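Student: I have a structure open and want to learn how to read it. Can we take it feature by feature?

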Amino acid sequence: MVQAMLAMDTGLGLVIGVGLSMSASHLFSLLANRLCLRQIALQMVVDALVLSLALSLGILCHSLMLMLMEHVPPQPIMMANRMGAALWPGLFYVLVAAPYISDLIAVTLLAWIHLNVILLLQVHYGIPLQEGLVVSLPGFVLALVLIALVFAQRWRASYNTLAREVGT
Amino acid sequence: MSERSAAIQHHRNHLRLGWRVVVILLLITSVLAFLGVSAVRQDAAILLNSESIRELVTMVGALLVVVVALVGVYSVMVDFVFWEGWMQGLPDPRDLFPALDPNASGHRHYLVYLDGIHQSEEDHPPRVSEFLQHLEQAIDRDSLLVKGIEAYTITPVGLKSTPFGHWFWQRLFSLQEHHPNGWVRFLCSFCVQANNVIKVGISSDRRYGPVMNYELALKIARRLAAIGFHPSRASRVVLVGYSGGGEMAIGTAAMLQKLCHVPVQVITVCGVFSGNGDLETLEHVSMVVGAKDPVAALGRIAYPGRLPLLPLSNWNRWLTYGRLHRYEIASMSHNGNSGPFSRHYRDQVVAAICSELALTQAG
(Lines give C-alpha, C1' and ligand atoms only; values in the text may rest on other atoms or scores of the structure.)
Protein backbone atom coordinates (compact mmCIF):
# COMPACT_ATOMS: atom_id res chain seq x y z
CA MET A 1 0.00 0.00 0.00
CA VAL A 2 2.79 2.40 0.97
CA GLN A 3 4.66 1.60 -2.25
CA ALA A 4 1.53 2.36 -4.24
CA MET A 5 1.12 5.69 -2.48
CA LEU A 6 4.77 6.56 -3.10
CA ALA A 7 4.31 5.74 -6.78
CA MET A 8 1.18 7.88 -7.02
CA ASP A 9 2.98 11.24 -7.12
CA THR A 10 -0.34 13.08 -7.33
CA GLY A 11 0.34 15.72 -4.69
CA LEU A 12 -2.04 18.60 -4.41
CA GLY A 13 -4.10 17.56 -7.45
CA LEU A 14 -5.62 14.83 -5.35
CA VAL A 15 -6.68 17.37 -2.70
CA ILE A 16 -8.96 19.03 -5.26
CA GLY A 17 -10.36 15.64 -6.31
CA VAL A 18 -11.12 14.71 -2.71
CA GLY A 19 -12.70 18.13 -2.16
CA LEU A 20 -14.97 17.57 -5.16
CA SER A 21 -15.95 14.11 -3.95
CA MET A 22 -16.74 15.45 -0.48
CA SER A 23 -18.72 18.31 -1.97
CA ALA A 24 -20.71 15.86 -4.14
CA SER A 25 -21.56 13.82 -1.04
CA HIS A 26 -23.76 16.58 0.27
CA LEU A 27 -25.37 17.54 -3.02
CA PHE A 28 -28.74 16.72 -1.47
CA SER A 29 -28.38 19.44 1.13
CA LEU A 30 -28.19 21.89 -1.77
CA LEU A 31 -31.26 20.30 -3.35
CA ALA A 32 -33.04 20.60 0.00
CA ASN A 33 -32.18 24.32 -0.01
CA ARG A 34 -34.24 24.56 -3.19
CA LEU A 35 -31.50 26.16 -5.26
CA CYS A 36 -31.59 26.24 -9.05
CA LEU A 37 -29.21 24.06 -11.07
CA ARG A 38 -26.72 26.88 -11.71
CA GLN A 39 -26.65 27.80 -8.02
CA ILE A 40 -26.15 24.15 -7.08
CA ALA A 41 -23.21 23.79 -9.51
CA LEU A 42 -21.62 26.99 -8.20
CA GLN A 43 -22.10 25.99 -4.57
CA MET A 44 -20.58 22.58 -5.26
CA VAL A 45 -17.46 24.10 -6.81
CA VAL A 46 -17.12 26.63 -3.97
CA ASP A 47 -17.62 23.87 -1.37
CA ALA A 48 -15.04 21.69 -3.15
CA LEU A 49 -12.50 24.52 -2.97
CA VAL A 50 -13.29 25.25 0.69
CA LEU A 51 -12.98 21.55 1.57
CA SER A 52 -9.69 21.31 -0.36
CA LEU A 53 -8.49 24.33 1.61
CA ALA A 54 -9.48 22.59 4.86
CA LEU A 55 -7.46 19.52 3.85
CA SER A 56 -4.50 21.72 2.84
CA LEU A 57 -4.65 23.49 6.21
CA GLY A 58 -4.53 20.06 7.83
CA ILE A 59 -1.34 19.29 5.91
CA LEU A 60 0.09 22.70 6.88
CA CYS A 61 -0.64 21.81 10.49
CA HIS A 62 1.27 18.53 10.05
CA SER A 63 4.22 20.57 8.78
CA LEU A 64 4.13 22.84 11.84
CA MET A 65 3.88 19.86 14.19
CA LEU A 66 6.87 18.27 12.44
CA MET A 67 8.86 21.44 13.00
CA LEU A 68 7.85 21.65 16.66
CA MET A 69 8.30 18.01 17.60
CA GLU A 70 10.88 16.63 15.20
CA HIS A 71 12.71 19.86 14.21
CA VAL A 72 12.06 19.25 10.52
CA PRO A 73 12.35 22.56 8.61
CA PRO A 74 8.87 23.70 7.48
CA GLN A 75 8.40 23.02 3.76
CA PRO A 76 4.61 23.00 3.39
CA ILE A 77 4.49 22.69 -0.42
CA MET A 78 6.95 19.82 -0.54
CA MET A 79 5.15 18.17 2.33
CA ALA A 80 1.77 18.60 0.62
CA ASN A 81 3.18 16.95 -2.48
CA ARG A 82 4.52 14.09 -0.39
CA MET A 83 1.49 13.61 1.88
CA GLY A 84 -1.23 14.30 -0.70
CA ALA A 85 -1.25 10.66 -1.78
CA ALA A 86 -2.54 9.72 1.68
CA LEU A 87 -5.87 11.29 0.78
CA TRP A 88 -6.76 8.85 -2.01
CA PRO A 89 -9.50 6.98 -0.03
CA GLY A 90 -11.24 10.37 0.14
CA LEU A 91 -12.02 10.06 -3.58
CA PHE A 92 -14.77 7.65 -2.51
CA TYR A 93 -16.22 10.13 -0.02
CA VAL A 94 -19.12 10.70 -2.41
CA LEU A 95 -20.54 7.39 -1.10
CA VAL A 96 -21.21 9.11 2.23
CA ALA A 97 -24.33 10.44 0.50
CA ALA A 98 -25.88 6.99 1.05
CA PRO A 99 -28.52 7.05 3.78
CA TYR A 100 -27.97 5.49 7.19
CA ILE A 101 -24.66 3.68 6.39
CA SER A 102 -23.08 7.08 5.72
CA ASP A 103 -21.48 7.37 9.17
CA LEU A 104 -19.84 3.98 8.80
CA ILE A 105 -18.46 4.87 5.36
CA ALA A 106 -17.27 8.31 6.53
CA VAL A 107 -15.52 6.99 9.64
CA THR A 108 -13.84 4.20 7.64
CA LEU A 109 -12.58 6.57 4.94
CA LEU A 110 -11.35 9.20 7.41
CA ALA A 111 -9.60 6.58 9.57
CA TRP A 112 -8.01 5.17 6.41
CA ILE A 113 -6.73 8.61 5.41
CA HIS A 114 -5.29 9.16 8.87
CA LEU A 115 -3.56 5.78 8.80
CA ASN A 116 -2.09 6.63 5.39
CA VAL A 117 -0.72 9.92 6.77
CA ILE A 118 0.96 8.11 9.67
CA LEU A 119 2.50 5.56 7.28
CA LEU A 120 3.80 8.26 4.93
CA LEU A 121 5.29 10.20 7.85
CA GLN A 122 7.24 7.08 8.75
CA VAL A 123 8.41 6.49 5.18
CA HIS A 124 9.37 10.08 4.31
CA TYR A 125 10.60 11.39 7.67
CA GLY A 126 11.45 8.20 9.58
CA ILE A 127 8.99 9.03 12.37
CA PRO A 128 7.82 6.00 14.41
CA LEU A 129 4.10 5.19 14.21
CA GLN A 130 3.27 6.31 17.79
CA GLU A 131 4.98 9.66 17.30
CA GLY A 132 3.40 9.94 13.86
CA LEU A 133 0.00 9.63 15.50
CA VAL A 134 0.72 12.62 17.78
CA VAL A 135 2.25 14.68 14.93
CA SER A 136 -0.69 14.12 12.60
CA LEU A 137 -3.53 14.37 15.13
CA PRO A 138 -3.92 18.18 15.39
CA GLY A 139 -3.95 18.63 11.60
CA PHE A 140 -6.43 15.79 11.23
CA VAL A 141 -8.73 17.25 13.91
CA LEU A 142 -8.46 20.74 12.36
CA ALA A 143 -9.42 19.40 8.91
CA LEU A 144 -12.32 17.40 10.41
CA VAL A 145 -13.69 20.41 12.29
CA LEU A 146 -13.56 22.60 9.18
CA ILE A 147 -15.23 19.91 7.04
CA ALA A 148 -17.94 19.36 9.68
CA LEU A 149 -18.58 23.12 9.82
CA VAL A 150 -19.09 23.35 6.04
CA PHE A 151 -21.45 20.35 6.05
CA ALA A 152 -23.38 21.51 9.11
CA GLN A 153 -23.86 24.97 7.63
CA ARG A 154 -25.33 23.55 4.42
CA TRP A 155 -27.69 21.15 6.20
CA ARG A 156 -28.76 23.84 8.68
CA ALA A 157 -29.75 26.02 5.74
CA SER A 158 -31.82 23.15 4.34
CA TYR A 159 -33.58 22.60 7.68
CA ASN A 160 -34.40 26.31 7.78
CA THR A 161 -35.98 25.96 4.33
CA LEU A 162 -38.03 23.03 5.61
CA ALA A 163 -39.08 24.95 8.74
CA ARG A 164 -40.25 27.83 6.55
CA GLU A 165 -42.26 25.38 4.43
CA VAL A 166 -43.97 23.81 7.47
CA GLY A 167 -44.45 27.16 9.17
CA THR A 168 -46.49 28.62 6.33
CA MET B 1 -63.60 -34.63 -38.29
CA SER B 2 -60.81 -34.29 -40.82
CA GLU B 3 -60.37 -30.67 -39.76
CA ARG B 4 -60.05 -31.79 -36.17
CA SER B 5 -57.43 -34.47 -36.97
CA ALA B 6 -55.52 -31.93 -39.07
CA ALA B 7 -55.49 -29.55 -36.11
CA ILE B 8 -54.27 -32.33 -33.80
CA GLN B 9 -51.62 -33.32 -36.33
CA HIS B 10 -50.51 -29.71 -36.60
CA HIS B 11 -50.30 -29.44 -32.82
CA ARG B 12 -48.27 -32.69 -32.67
CA ASN B 13 -45.86 -31.40 -35.31
CA HIS B 14 -45.55 -28.17 -33.42
CA LEU B 15 -44.72 -30.04 -30.19
CA ARG B 16 -42.22 -32.28 -32.01
CA LEU B 17 -40.50 -29.26 -33.48
CA GLY B 18 -40.35 -27.70 -30.04
CA TRP B 19 -38.77 -30.79 -28.55
CA ARG B 20 -36.22 -30.98 -31.37
CA VAL B 21 -35.24 -27.37 -30.82
CA VAL B 22 -34.88 -27.97 -27.07
CA VAL B 23 -32.73 -31.10 -27.62
CA ILE B 24 -30.49 -29.32 -30.14
CA LEU B 25 -30.10 -26.35 -27.82
CA LEU B 26 -29.21 -28.66 -24.91
CA LEU B 27 -26.63 -30.44 -27.06
CA ILE B 28 -25.05 -27.17 -28.20
CA THR B 29 -24.99 -25.89 -24.59
CA SER B 30 -23.38 -29.14 -23.37
CA VAL B 31 -20.66 -28.99 -26.06
CA LEU B 32 -19.98 -25.32 -25.32
CA ALA B 33 -19.89 -25.99 -21.57
CA PHE B 34 -17.48 -28.91 -22.09
CA LEU B 35 -15.18 -26.79 -24.27
CA GLY B 36 -15.46 -23.88 -21.86
CA VAL B 37 -14.61 -25.99 -18.79
CA SER B 38 -11.61 -27.51 -20.60
CA ALA B 39 -10.38 -24.06 -21.57
CA VAL B 40 -10.76 -22.50 -18.13
CA ARG B 41 -9.77 -25.55 -16.07
CA GLN B 42 -6.34 -24.13 -15.29
CA ASP B 43 -7.78 -20.72 -14.51
CA ALA B 44 -10.39 -22.37 -12.28
CA ALA B 45 -7.62 -24.18 -10.38
CA ILE B 46 -5.85 -20.86 -9.84
CA LEU B 47 -9.12 -19.32 -8.70
CA LEU B 48 -9.42 -21.89 -5.93
CA ASN B 49 -6.24 -20.58 -4.23
CA SER B 50 -6.90 -19.08 -0.85
CA GLU B 51 -5.30 -15.81 -1.99
CA SER B 52 -7.57 -15.60 -5.02
CA ILE B 53 -10.61 -16.38 -2.90
CA ARG B 54 -9.61 -13.65 -0.44
CA GLU B 55 -9.19 -11.21 -3.31
CA LEU B 56 -12.57 -12.22 -4.72
CA VAL B 57 -14.28 -11.81 -1.35
CA THR B 58 -12.69 -8.35 -0.93
CA MET B 59 -13.82 -7.33 -4.40
CA VAL B 60 -17.36 -8.60 -3.83
CA GLY B 61 -17.49 -6.86 -0.43
CA ALA B 62 -16.33 -3.56 -1.92
CA LEU B 63 -18.79 -3.93 -4.79
CA LEU B 64 -21.60 -4.63 -2.33
CA VAL B 65 -20.81 -1.47 -0.32
CA VAL B 66 -20.78 0.59 -3.52
CA VAL B 67 -24.03 -0.96 -4.82
CA VAL B 68 -25.85 -0.51 -1.49
CA ALA B 69 -24.64 3.09 -1.32
CA LEU B 70 -25.73 3.81 -4.91
CA VAL B 71 -29.17 2.24 -4.39
CA GLY B 72 -29.56 4.37 -1.25
CA VAL B 73 -28.52 7.50 -3.13
CA TYR B 74 -31.02 6.70 -5.89
CA SER B 75 -33.79 6.27 -3.35
CA VAL B 76 -32.92 9.60 -1.70
CA MET B 77 -32.88 11.24 -5.11
CA VAL B 78 -36.53 10.35 -5.72
CA ASP B 79 -37.52 12.02 -2.44
CA PHE B 80 -35.59 15.16 -3.24
CA VAL B 81 -36.89 15.29 -6.80
CA PHE B 82 -40.40 15.31 -5.33
CA TRP B 83 -39.34 18.01 -2.85
CA GLU B 84 -38.00 20.09 -5.74
CA GLY B 85 -41.36 19.90 -7.46
CA TRP B 86 -40.16 17.98 -10.50
CA MET B 87 -42.83 15.30 -9.91
CA GLN B 88 -45.83 17.62 -9.82
CA GLY B 89 -44.55 19.08 -6.60
CA LEU B 90 -45.82 19.26 -3.08
CA PRO B 91 -49.16 20.78 -2.08
CA ASP B 92 -49.19 24.02 -0.15
CA PRO B 93 -49.75 23.15 3.56
CA ARG B 94 -52.07 26.18 3.86
CA ASP B 95 -54.54 24.60 1.45
CA LEU B 96 -54.78 21.25 3.23
CA PHE B 97 -57.95 21.91 5.25
CA PRO B 98 -59.71 24.77 3.47
CA ALA B 99 -63.14 24.97 5.07
CA LEU B 100 -65.22 22.93 7.46
CA ASP B 101 -67.70 20.81 5.52
CA PRO B 102 -70.83 20.25 7.65
CA ASN B 103 -71.49 16.90 5.93
CA ALA B 104 -67.99 15.58 6.49
CA SER B 105 -67.00 12.82 8.90
CA GLY B 106 -67.71 13.75 12.51
CA HIS B 107 -64.98 11.65 14.10
CA ARG B 108 -62.73 13.13 16.72
CA HIS B 109 -59.99 10.49 16.86
CA TYR B 110 -58.20 9.28 13.76
CA LEU B 111 -56.10 6.11 13.87
CA VAL B 112 -53.74 5.90 10.92
CA TYR B 113 -52.27 2.45 10.30
CA LEU B 114 -48.77 2.28 8.76
CA ASP B 115 -47.81 -1.21 7.66
CA GLY B 116 -44.46 -3.00 7.90
CA ILE B 117 -41.82 -3.39 5.20
CA HIS B 118 -43.73 -6.23 3.53
CA GLN B 119 -46.16 -3.66 2.14
CA SER B 120 -46.08 -3.42 -1.63
CA GLU B 121 -49.50 -2.02 -2.42
CA GLU B 122 -52.22 0.00 -0.75
CA ASP B 123 -54.16 -3.18 0.05
CA HIS B 124 -52.89 -5.04 3.09
CA PRO B 125 -52.24 -8.80 3.14
CA PRO B 126 -55.29 -10.89 4.24
CA ARG B 127 -53.98 -11.50 7.76
CA VAL B 128 -53.33 -7.79 8.35
CA SER B 129 -56.75 -6.92 6.88
CA GLU B 130 -58.43 -9.29 9.34
CA PHE B 131 -56.49 -7.74 12.20
CA LEU B 132 -57.53 -4.25 11.09
CA GLN B 133 -61.17 -5.38 10.92
CA HIS B 134 -60.92 -6.51 14.54
CA LEU B 135 -59.33 -3.22 15.52
CA GLU B 136 -62.02 -1.27 13.68
CA GLN B 137 -64.71 -3.12 15.62
CA ALA B 138 -62.95 -2.61 18.93
CA ILE B 139 -62.39 1.16 18.79
CA ASP B 140 -65.20 3.48 19.85
CA ARG B 141 -67.62 5.21 17.47
CA ASP B 142 -65.82 8.49 17.79
CA SER B 143 -62.69 7.01 16.23
CA LEU B 144 -61.97 6.27 12.60
CA LEU B 145 -59.36 3.79 11.40
CA VAL B 146 -57.54 4.94 8.27
CA LYS B 147 -56.12 2.02 6.30
CA GLY B 148 -54.31 1.56 3.03
CA ILE B 149 -51.68 4.28 3.32
CA GLU B 150 -48.45 3.26 1.64
CA ALA B 151 -45.89 4.27 4.20
CA TYR B 152 -42.89 3.78 1.94
CA THR B 153 -43.81 6.05 -0.92
CA ILE B 154 -44.06 9.79 -0.70
CA THR B 155 -46.36 10.44 -3.63
CA PRO B 156 -50.12 10.06 -3.15
CA VAL B 157 -50.07 7.05 -5.47
CA GLY B 158 -48.51 3.65 -4.77
CA LEU B 159 -45.26 2.21 -6.08
CA LYS B 160 -47.14 0.77 -9.07
CA SER B 161 -48.00 4.25 -10.29
CA THR B 162 -44.79 6.15 -9.52
CA PRO B 163 -43.89 8.40 -12.47
CA PHE B 164 -40.40 7.02 -13.21
CA GLY B 165 -40.43 3.41 -12.05
CA HIS B 166 -44.02 2.23 -12.57
CA TRP B 167 -43.08 -0.20 -15.34
CA PHE B 168 -40.41 -1.78 -13.10
CA TRP B 169 -42.66 -2.11 -10.04
CA GLN B 170 -45.60 -3.45 -12.04
CA ARG B 171 -43.37 -6.14 -13.53
CA LEU B 172 -41.87 -6.93 -10.13
CA PHE B 173 -45.27 -7.26 -8.41
CA SER B 174 -46.55 -9.42 -11.26
CA LEU B 175 -43.54 -11.75 -10.93
CA GLN B 176 -43.88 -11.73 -7.13
CA GLU B 177 -47.48 -12.92 -7.33
CA HIS B 178 -47.69 -15.10 -10.44
CA HIS B 179 -44.29 -16.58 -11.28
CA PRO B 180 -44.33 -20.40 -10.98
CA ASN B 181 -40.77 -20.52 -9.59
CA GLY B 182 -40.67 -19.97 -5.82
CA TRP B 183 -37.15 -18.54 -5.95
CA VAL B 184 -38.19 -15.83 -8.41
CA ARG B 185 -41.17 -14.94 -6.19
CA PHE B 186 -38.84 -14.80 -3.18
CA LEU B 187 -36.31 -12.61 -5.03
CA CYS B 188 -39.03 -10.15 -6.13
CA SER B 189 -40.45 -10.02 -2.63
CA PHE B 190 -36.91 -9.41 -1.32
CA CYS B 191 -36.47 -6.48 -3.76
CA VAL B 192 -39.73 -4.87 -2.57
CA GLN B 193 -38.73 -5.29 1.07
CA ALA B 194 -35.20 -3.97 0.38
CA ASN B 195 -36.73 -0.83 -1.14
CA ASN B 196 -38.86 -0.38 1.98
CA VAL B 197 -35.91 -1.00 4.31
CA ILE B 198 -33.99 1.74 2.48
CA LYS B 199 -36.95 4.08 3.02
CA VAL B 200 -36.84 3.25 6.75
CA GLY B 201 -33.12 4.07 6.64
CA ILE B 202 -33.79 7.40 4.91
CA SER B 203 -36.49 8.27 7.44
CA SER B 204 -34.09 7.64 10.31
CA ASP B 205 -31.16 9.47 8.66
CA ARG B 206 -30.66 12.78 10.42
CA ARG B 207 -29.82 14.54 7.13
CA TYR B 208 -32.52 13.21 4.81
CA GLY B 209 -35.14 12.20 7.38
CA PRO B 210 -36.74 15.62 7.87
CA VAL B 211 -37.50 16.14 4.16
CA MET B 212 -38.81 12.61 3.62
CA ASN B 213 -40.83 12.64 6.83
CA TYR B 214 -42.35 15.96 5.82
CA GLU B 215 -43.37 14.50 2.46
CA LEU B 216 -44.95 11.47 4.15
CA ALA B 217 -46.69 13.69 6.72
CA LEU B 218 -48.16 15.72 3.87
CA LYS B 219 -49.37 12.52 2.22
CA ILE B 220 -51.08 11.41 5.44
CA ALA B 221 -52.55 14.88 6.02
CA ARG B 222 -53.98 14.92 2.48
CA ARG B 223 -55.54 11.53 3.04
CA LEU B 224 -57.04 12.70 6.34
CA ALA B 225 -58.41 15.82 4.66
CA ALA B 226 -59.98 13.67 1.95
CA ILE B 227 -61.95 11.65 4.52
CA GLY B 228 -63.29 14.66 6.36
CA PHE B 229 -60.68 15.45 8.99
CA HIS B 230 -60.65 19.07 10.11
CA PRO B 231 -58.42 20.54 12.85
CA SER B 232 -61.33 22.43 14.40
CA ARG B 233 -63.31 19.24 15.03
CA ALA B 234 -60.71 16.49 15.54
CA SER B 235 -59.02 16.04 18.89
CA ARG B 236 -56.08 13.80 17.98
CA VAL B 237 -54.38 11.65 15.36
CA VAL B 238 -52.91 8.32 16.44
CA LEU B 239 -50.26 6.73 14.23
CA VAL B 240 -50.18 2.95 14.62
CA GLY B 241 -47.00 1.60 13.02
CA TYR B 242 -46.15 -2.06 12.66
CA SER B 243 -42.45 -3.04 12.39
CA GLY B 244 -40.73 -0.54 10.02
CA GLY B 245 -44.00 1.40 10.02
CA GLY B 246 -43.06 2.29 13.62
CA GLU B 247 -40.06 4.27 12.35
CA MET B 248 -42.20 5.98 9.73
CA ALA B 249 -44.76 6.85 12.42
CA ILE B 250 -42.19 8.28 14.83
CA GLY B 251 -40.38 10.14 12.05
CA THR B 252 -43.60 11.66 10.75
CA ALA B 253 -45.43 12.44 14.00
CA ALA B 254 -43.95 15.86 14.79
CA MET B 255 -44.43 17.12 11.23
CA LEU B 256 -47.99 15.78 11.10
CA GLN B 257 -48.76 17.55 14.36
CA LYS B 258 -47.66 20.85 12.81
CA LEU B 259 -49.62 20.24 9.62
CA CYS B 260 -52.84 18.99 11.27
CA HIS B 261 -52.79 21.35 14.28
CA VAL B 262 -53.92 18.56 16.65
CA PRO B 263 -51.88 16.38 19.04
CA VAL B 264 -50.38 13.32 17.40
CA GLN B 265 -49.46 10.20 19.35
CA VAL B 266 -47.65 7.06 18.26
CA ILE B 267 -48.31 3.40 19.01
CA THR B 268 -45.73 0.99 17.62
CA VAL B 269 -46.54 -2.70 17.24
CA CYS B 270 -43.36 -4.82 17.18
CA GLY B 271 -41.74 -1.55 16.13
CA VAL B 272 -38.29 -1.29 14.61
CA PHE B 273 -37.32 2.36 14.95
CA SER B 274 -34.21 4.43 15.34
CA GLY B 275 -34.96 6.97 18.02
CA ASN B 276 -33.54 9.70 15.76
CA GLY B 277 -37.02 11.11 15.11
CA ASP B 278 -38.02 14.51 16.45
CA LEU B 279 -40.07 13.54 19.51
CA GLU B 280 -39.77 16.80 21.46
CA THR B 281 -43.35 17.93 20.88
CA LEU B 282 -44.98 14.51 21.31
CA GLU B 283 -46.72 13.70 24.55
CA HIS B 284 -47.56 10.04 24.16
CA VAL B 285 -45.58 7.22 22.59
CA SER B 286 -46.34 3.60 23.37
CA MET B 287 -44.94 0.26 22.31
CA VAL B 288 -46.71 -3.06 21.94
CA VAL B 289 -43.90 -5.60 21.97
CA GLY B 290 -43.63 -9.35 21.70
CA ALA B 291 -41.56 -11.12 24.35
CA LYS B 292 -40.08 -13.35 21.64
CA ASP B 293 -39.64 -10.82 18.85
CA PRO B 294 -36.14 -11.24 17.34
CA VAL B 295 -36.58 -8.48 14.72
CA ALA B 296 -37.41 -5.76 17.24
CA ALA B 297 -34.48 -6.96 19.38
CA LEU B 298 -32.18 -6.71 16.34
CA GLY B 299 -33.56 -3.23 15.68
CA ARG B 300 -32.25 -2.08 19.05
CA ILE B 301 -28.74 -3.08 17.96
CA ALA B 302 -29.06 -1.73 14.42
CA TYR B 303 -30.31 1.58 15.80
CA PRO B 304 -27.97 2.51 18.67
CA GLY B 305 -29.94 5.73 19.32
CA ARG B 306 -32.25 3.76 21.60
CA LEU B 307 -29.46 2.24 23.70
CA PRO B 308 -28.67 3.90 27.06
CA LEU B 309 -25.10 4.34 25.78
CA LEU B 310 -26.20 7.44 23.88
CA PRO B 311 -28.08 9.56 26.46
CA LEU B 312 -28.26 12.58 24.14
CA SER B 313 -30.16 10.83 21.35
CA ASN B 314 -33.66 12.16 20.63
CA TRP B 315 -35.24 8.98 22.01
CA ASN B 316 -33.28 8.98 25.29
CA ARG B 317 -33.87 12.71 25.82
CA TRP B 318 -37.60 12.21 25.27
CA LEU B 319 -37.62 9.36 27.77
CA THR B 320 -36.46 11.76 30.52
CA TYR B 321 -39.71 13.74 30.34
CA GLY B 322 -42.07 11.79 28.02
CA ARG B 323 -44.54 9.11 28.98
CA LEU B 324 -43.70 5.78 27.38
CA HIS B 325 -46.24 3.01 27.89
CA ARG B 326 -45.04 -0.49 27.15
CA TYR B 327 -47.36 -3.44 26.57
CA GLU B 328 -45.47 -6.71 26.46
CA ILE B 329 -47.28 -9.76 25.12
CA ALA B 330 -45.82 -13.06 26.29
CA SER B 331 -44.56 -15.50 23.62
CA MET B 332 -45.48 -13.18 20.74
CA SER B 333 -43.01 -13.04 17.85
CA HIS B 334 -42.65 -10.60 14.95
CA ASN B 335 -44.71 -12.25 12.21
CA GLY B 336 -46.24 -15.50 11.01
CA ASN B 337 -48.33 -17.78 13.20
CA SER B 338 -46.93 -16.30 16.40
CA GLY B 339 -46.92 -12.70 15.18
CA PRO B 340 -49.25 -9.86 16.19
CA PHE B 341 -51.68 -10.53 13.30
CA SER B 342 -52.06 -14.24 14.05
CA ARG B 343 -55.39 -15.53 15.40
CA HIS B 344 -53.66 -16.36 18.66
CA TYR B 345 -52.33 -12.87 19.46
CA ARG B 346 -54.36 -10.35 17.50
CA ASP B 347 -57.00 -9.92 20.23
CA GLN B 348 -54.30 -9.18 22.78
CA VAL B 349 -52.68 -6.63 20.46
CA VAL B 350 -56.04 -4.99 19.75
CA ALA B 351 -56.75 -4.90 23.51
CA ALA B 352 -53.37 -3.26 24.16
CA ILE B 353 -54.02 -0.59 21.51
CA CYS B 354 -57.51 0.08 22.90
CA SER B 355 -56.14 0.33 26.48
CA GLU B 356 -53.60 2.87 25.29
CA LEU B 357 -56.26 4.86 23.46
CA ALA B 358 -58.48 4.92 26.55
CA LEU B 359 -55.59 5.77 28.86
CA THR B 360 -54.32 8.67 26.78
CA GLN B 361 -57.83 9.94 26.05
CA ALA B 362 -58.45 10.24 29.78
CA GLY B 363 -55.01 11.81 30.31
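Tutor: Start with pairing. Two strands pair if DSSP finds at least two bridges between them. This is a predicted model. In chain B, strand 5 and strand 6 (residues 323–329) pair in the parallel sense over 7 bridges. One facing pair there is His284(B) opposite Arg323(B) in strand 6 of chain B.

Student: What holds paired strands of a sheet together in general?

Tutor: Strands of a sheet pair through backbone hydrogen bonds, either parallel or antiparallel. Here, strand 4 (residues 264–269) of chain B also pairs with strand 5 of chain B, in the parallel sense, over 4 bridges. Val266(B) stands opposite Val285(B) in strand 5 of chain B.

Student: In what order do the strands of the open sheet in chain B run?

Tutor: The order is 2-1-3-4-5-6, six strands with parallel pairing. Strand 2 (143–149) and strand 6 of chain B are the edges, each pairing on one side only. From one strand to the next, the twist averages 20°. Look further along the order as well. Strand 1 (residues 109–114) of chain B and strand 3 (residues 236–242) of chain B pair in the parallel sense over 6 bridges. There, Leu111(B) stands opposite Val238(B) in strand 3 of chain B.

Student: Is strand 5 of chain B covered on one face or on both faces?

Tutor: General idea first. In a regular strand the side chains alternate between the two faces of the sheet. Now the case. Both faces of strand 5 of chain B are covered. On one side, His284(B), Ser286(B), Val288(B) and Gly290(B) are buried; on the other, Val285(B), Met287(B) and Val289(B) are buried. That makes 7 of the 7 residues of strand 5 (residues 284–290) of chain B buried, so the strand is largely enclosed by the rest of the structure.

Student: Next, helices. What span should helix 5 of chain B have?

Tutor: Count 1.5 Å a residue. The 23 residues of helix 5 (residues 182–204) of chain B should span 33 Å, and its end C-alpha atoms are 33 Å apart, which agrees.

Student: Which residues of helix 5 of chain B are buried, and what covers them?

Tutor: Among the buried ones are Val192(B), Asn196(B), Ile198(B) and Lys199(B). The run from Val200(B) through Gly201(B), Ile202(B) and Ser203(B) to Ser204(B) is buried too. Their cover includes helix 2 (50–84), helix 4 (166–178), helix 6 (209–226) and helix 7 (244–260) of chain B.

Student: Which backbone angles deserve a look?

Tutor: Check phi. Arg34(A) has phi near 60°, a positive value in a residue other than glycine. Arg34(A) sits in the loop between helix 3 and helix 4 (37–70) of chain A. With 17 C-beta neighbours inside 10 Å, Arg34(A) counts as partly exposed. His261(B) also has a positive phi near 60° and is not glycine. This histidine, His261(B), lies in the loop between helix 7 and strand 4 of chain B.

Student: Why does His261(B) count as exposed?

Tutor: Because His261(B) has 12 C-beta neighbours inside 10 Å, and 12 or fewer is the cut-off for exposed.

Student: How many residues does each chain give to the contact between chain A and chain B?

Tutor: Chain A gives 17 residues and chain B gives 23. On the chain A side, helix 3 (27–32) and helix 7 (129–167) each supply at least two residues. By class, that side has 14 nonpolar, 2 polar and 1 charged residues.

Note on methods:
Residues are numbered from 1 along each chain as its sequence is written. Chains are lettered from A and ligands numbered from 1 in the order in which they are written. This is a predicted model: local features need pLDDT of at least 70, side-chain atom pairs count only at pLDDT 80 or more; totals for chains, interfaces and linings use all residues. Two residues are in contact if their C-beta atoms, placed from the backbone, lie within 7 Å. Ala, Val, Leu, Ile, Met, Phe, Trp, Tyr, Cys and Pro count as nonpolar, Asp, Glu, Lys and Arg as charged, and the others, Gly among them, as polar. A residue is buried if 20 or more other C-beta atoms lie within 10 Å of its own, exposed if 12 or fewer, and partly exposed in between; C-beta atoms are placed from the backbone. The expected span of a helix is 1.5 Å times one less than its number of residues. Axes are lines fitted to C-alpha atoms, for helices over the stretch in contact, and angles run from 0 to 180 degrees between N-to-C directions.
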